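The dialogue below takes a few of them in turn.

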Amino acid sequence: MSFTKKPGGKALDLLQHLPRITLGNLRPEPGTRKPEKRRGRGQHGGNRSGRGHKGERQRGNRPRLGFEGGQTPFYLAIPKYGYNEGHSRRPQYQPLTLRRLQYLIDLGRLDPTQPIDLTQMVNGRGVTIQPLKRDYGVQLVEEGAGVFAAKVNIEVQMASEAAIAAIERNGGIVTTGFYDPRSLAILCKPVPFFISGQPIPKRMFPGEDMVRYYTDAANRGYLADPGKIQKARVALAQKYGYVLPDISKDELFHMLSMRKDPRQIFFGLLPGWVVNMPEKKILKPTDEKLLQYYST
Amino acid sequence: MAAYMLCRRTAMFCWAIRGLSSIKSYIPVSAQCGLLQQIAHYNPKPLKLNLKNPYIPDKDSENTPEWQKTAKYDRKLFGRYGFSSGVNPAELWPSHAQLEEMIAEEREWNPPLEVLLKNVEAKEMEANAKRLGREKLIAGNMAKMPKMVADWRREKREAKLKLKEEKARRDRLLAEARERFGYALDPRSPKFLEMVSDIEKEEKKKKNDAKTKQTEDHFPTIYF
């Protein structure tokens, strides 16, 4: 009779014979939990509990941070200059490192077989965007370019040159797209927007200061000429010294070449449509003026 | 969750890398592509739409607050409860008047792409022109600099010489006065000034005589 090996083996045996695991049976791995340091206790650390001798120090009445005993403090003596002027109105872009992107893909929180969008990143809890705090989206940062090895079709709002190179080297595609604050809020939280029953708005174009960035092929802008983008890909490959893989021969070519229309917020949904969540239906307008408005 | 929006048969805008014009196509249900990828298909938070006992306000009664009779609230009702909320779906979209307003607002605050690009280009051209003009001005002025420097130096030198000359003349006159009168005379006194004017007259006479002599040598007077 052939001796068949039991799957699981000794571990399964143990599981079957040892008592059940309860809180009373568990203990942390030695070295993982270090007891916290408590200052000011014991025979030598006690007495004044590490607070010093009398005065404000012991009695906990020290003046505010920055006070210099009456001398004009540093933070008041230095004259102001407009470095921080209008800082609360400046657009902010949450950085996303390639390392974090790889981590999310490895853990399965992002699906590289589908286009990666800001919605997907927020759903996978990869980034946290606050559209109401002047966040205009996500910027791709090149930290972790050495460990990045995933083929993705990713859409961000800003990307550095080295990050673009790292993604294209692995056969992926980067696109930079602009979302005005309302569109960004809808993109980050689509379900509450659909529940509000409004038609999907069209994405607005960037302002005069950013339109140059998004029409530039070097930044892979969504308003740039596709021909120039291809040339820029080749040029970047030459600059960074890698062979540009031919995406047209890829099996996922169709997915990689998926791109949003400049006025579109979601893949597969056009502006003007109403998504009905309870009945899982999409309503489209039929009025000509509405159709004309929503199709620009 | 990641494949939520794309598992449906929907129209999409495709963009070809090979530079083809954009084409609309239906994508099939997402393929596995032979990759054993572990995707975390986590369960999202349950969407509590309260479909069993919805609250749909009575439009005709007076007790319902005003804000529950607005169009915005109707849209929210439709969004939550669907067709069973009794809202006419045609009211979800803006009316013609509202649409006109929206179009006007957009034309003013969000101009189309061509206009935007034109504005940007115009601004850039203006800035460039200004910068070029300034640079030309600076270049022109810098080209003039060596000449201006030489002129200024020459003028300074001449002024210095003149001063020296003037001083020498004054010293000479003082010495002359001292010789004539025998004591150091104040240059501001009337005697000194008299003497100065006398000297000047003598010099003038001498010059005139020299001139007439010269002209006589060249053109001697003929007496008839």
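**Reading the fold and its confidence**

A: In this predicted model, 57% of the contacts in chain A between residues at least 6 apart in sequence join residues that are at least 24 apart.

Q: Which helices and strands does chain A hold, by number, and how many of its residues are buried?

A: Chain A comes to 13 helices and seven strands, and buried residues, those under 20% relative accessible area, make up 42% of its 296 residues.

Q: How does the radius of gyration of chain A stand against that of a compact globule?

A: A compact globule of 296 residues would have a radius of gyration near 19 Å, whereas chain A has 28 Å; along its principal axes, the C-alpha trace of chain A spans about 90 × 85 × 50 Å.

Q: Where in chain B is confidence lowest, and where is it highest?

A: Where pLDDT is low, the predicted coordinates should not be read in detail. In chain B the lowest confidence falls in strand β2 (residues 23-26), at a mean of 34, and the highest in helix α2 (residues 96-109), at 96. Over residues 1-34 of chain B the pLDDT is below 50, although this stretch has 59 contacts in the model beyond near neighbours in sequence.

Q: What are the average for chain B and the scores of the model?

A: Chain B averages a pLDDT of 83, with 83% of the residues scoring at least 70, and the model scores ipTM 0.80 and pTM 0.75.

Key: Residues numbered from 1 in each chain as written. Chains lettered and ligands numbered in written order. Predicted model: local features only at pLDDT ≥ 70, side-chain atom pairs only at ≥ 80, totals over all residues. Heavy atoms only, no water. pLDDT = per-residue confidence, 0-100. Helix = DSSP H or I, 4+ residues; strand = E, 2+ residues; numbered from the N terminus. Contact = heavy atoms within 4.5 Å. Rg over C-alpha atoms; globule rule 2.2 N^0.38 Å. Buried < 20%, exposed > 50% of the residue type's maximum accessible area, 1.4 Å probe, protein only.
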